[in-house]
Amino acid sequence: MNVVAKTETGRALGDTFALVCDRLPGKGKISDQRRQAFDAYERLGLPHRRIEDWKYTDLRALMREVLPLAPAPDAAALKRAAAAAKSRAIDGVRRLVLVDGTFAPALSDLGKLEKGLSIRALSEVLETGDGALSAQAFASDNSNPMIALNGAMATDGVVVEIADGTVLSRPLQIVHVASGTTPAAMFTRSLLRLGRDVGATLVESYLAADGVKAYQAHDALVVAIGDNARLDHVRLVEDTVDAFNISSATVSLGAHAHLNTFGMTTGGHVSRYQLTVAFAGEGSKVETNGVNLIKGTQHADTTLFMDHAVPDCTSREIFRAVVDGRAHSVFQGRIIVRPDAQKTDAKMMTRALLLSDEAEADNKPELEIFADDVTCGHGATTGALDESLLFYMRARGLPEKEAQALLIQAFVGEAIETIVNDDLREVAISTAQRWLEARA
Amino acid sequence: MSLLEVKDLKVRVEEREILHGLSLTVNPGEVHAIMGPNGSGKSTLSHVIAGKPGYEVTGGQILFRGEDLLEMEPNERAAKGVFLAFQYPVEIPGVTTWNFLHAALNAQRKARGEDEMSSPAFLKKVREVAKSLNVPQDMLKRGVNVGFSGGEKKRNEILQMALFEPAVCILDEMDSGLDIDALRIAADGVNALRSPERAMVVITHYQRLLNYIVPDYVHVMSKGRVVKSGGKELALELEESGYTQFEDAA
């Protein structure tokens, strides 16, 4: 029998689960799935640096305490959350708000749903027992301890279904707001299902109400993209600088489907985003772009996994990081090309900009290729701002910080340009701008 | 008071002394040419005046209108009116020329306690200047110097000189990489900016440039010192006899 030495944190999580498992939504089969997920988590334990996939993000060191599960928000919490969501409102999007891990219909825009669009709370789906949908939402990768833990603990989220042939004119936005007055943990899980020939845009935002301290956000997104469908996805993490955010997205792509995803993390003390894309149909294309801007003692990890199982698919990963202070950026990009995935075109590039001597960036590309007729490649650069450019700019009158800001903007701008939607691109630009202004 | 005074300047790069006590006085309205062979310290002088990091001043001083220039950051020097036209202007991808020029101009104005210039006012001004120098508007929309030819890069330097209206312009090897037509265009741009208030220091290896930008004074540098000064005829003399005589003298 395998005996895994449990840490204090690991034991405390077990206690939390025992305490809340009977109150979590979903009975019968779901309840069994939760139990299995928790057992899987327990077997693996809190990930640590000796597990290759978590080498640079050692949760045993970084996640020192277990916080109680956040209670459902009261009126005051909803009010605080409404103000926070409003401060980051994006024109023209349909907003779906999760407050402290609970779907808040009152803060969400559920009016006049386009034909073919269905939106429900995960808790409702689990309770009313749509077996197939619940099963899909809880189709957990229990080999990843943090996805397993999320499967065990998830309290709520949104379930979005978009029927075949529907092209949404308004982007959907899932806003995660932490609003509690005492430190708490949130476990959310959402499902996005795009039928055939669907076109949709999803924004995910993570933020906190004013004055909210140290919280833990655990989120999982399950996405199924149908044949010939397209999803544009933008993810903005603006958690408070003492927050903890572990999020996973698991995407399966049909044939001739297209995913364009962009991520930007400026917030959170410790954050990790794990994106897994499974190519299940031929002729599909994935573009992942991202830029993390971190400073102080922030730790931001982006871990991508492209699983090419079928022929003729393309994936592009371009990840950037701007790292200041003593912050630590991690990028892990893994591409598997399985034996049947001939004519795969997979490329990955990572670029880190270090703004201080103590800033750190770890980049780990991994290519595992089992097919012989493929085009694959990766590249990585890490460096400081170019001194000769800085001097030129200063010689023209720009103070050093301003010159740096222009160069950082240019570096970040190349990533932001990949966002197709004009409004969302502007939002990403202002998010980066806020980071730069806070730095100056 | 002189505009720019370099007094007995000694400069080191790493452990090696490059300038061994160089002096130069420049008054408003004057055009000085500094000539000399490769490695004589011409570019080092221009870099130290502009404040490029990596040089250690071990002796002497540089005064600008009586103020100690060496105590100032490069951006403060620019705001005071010191302009260095680079021998090799850098390319800055992702930063458009007019965004850069607008930010730089406003930074200078702010440092001088003047009001910042609004975007419309700036656009009007930069368009006028570009037009007067025959710089196509399209160049302003591109990344700074990105994909510019050698001639375009130098014209962009002169455009900036015209826009910032500095008191002293240091032109570092402006002729390098230019064919004769591009050289003439660049020189015309510089000549248009000559004025009784503005001084220029033209650093060049070749006499050729001085046919187009005619100096009031010529200084010959060799091995980190000014070894001879004279009028514009000194440049012609050099053209005849070369730098060898001065290398021996130094």
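**Cavities of the predicted model**

**View 1. Residue classes around the largest cavity.** By class, the lining of the largest cavity comprises seven nonpolar, nine polar and one charged residues, where Ala, Val, Leu, Ile, Met, Phe, Trp, Tyr, Cys and Pro count as nonpolar, Asp, Glu, Lys and Arg as charged, and the others, Gly among them, as polar. This is a predicted model, in which local features need pLDDT of at least 70 and side-chain atom pairs count only at pLDDT 80 or more, while totals for chains, interfaces and linings use all residues. Residues are numbered from 1 along each chain as its sequence is written, chains are lettered from A, and side-chain values use heavy atoms, with hydrogens and water left out.

View 2. The volume of the largest cavity is about 150 Å³, a cavity being a set of points on a 1 Å grid over the protein atoms alone where a 1.4 Å probe fits but cannot get out, with lining residues having an atom within 4 Å of a point; points are joined across faces, edges and corners, and the volume is the space filled by probe spheres set on them. Of its 17 lining residues, Gly263(A), Tyr273(A), Asn289(A), Gly290(A) and Thr302(A) are the closest to the centre. Strand E11(A) gives the largest share of this lining, five residues, strands being DSSP runs (E, at least two residues) numbered from the N terminus.

**View 3. The second largest cavity.** This cavity holds about 100 Å³ of space, and of its 15 lining residues His176(A), Val177(A), Met186(A), Tyr206(A) and Ala217(A) lie nearest the centre. Its lining divides into eight nonpolar, four polar and three charged residues.

Notes. 1 Å grid on protein atoms, 1.4 Å probe; cavity = no way out; pocket = protein on both sides within 12 Å on 5 of 7 lines; lining within 4 Å. Helix = DSSP H or I, 4+ residues; strand = E, 2+ residues; numbered from the N terminus.
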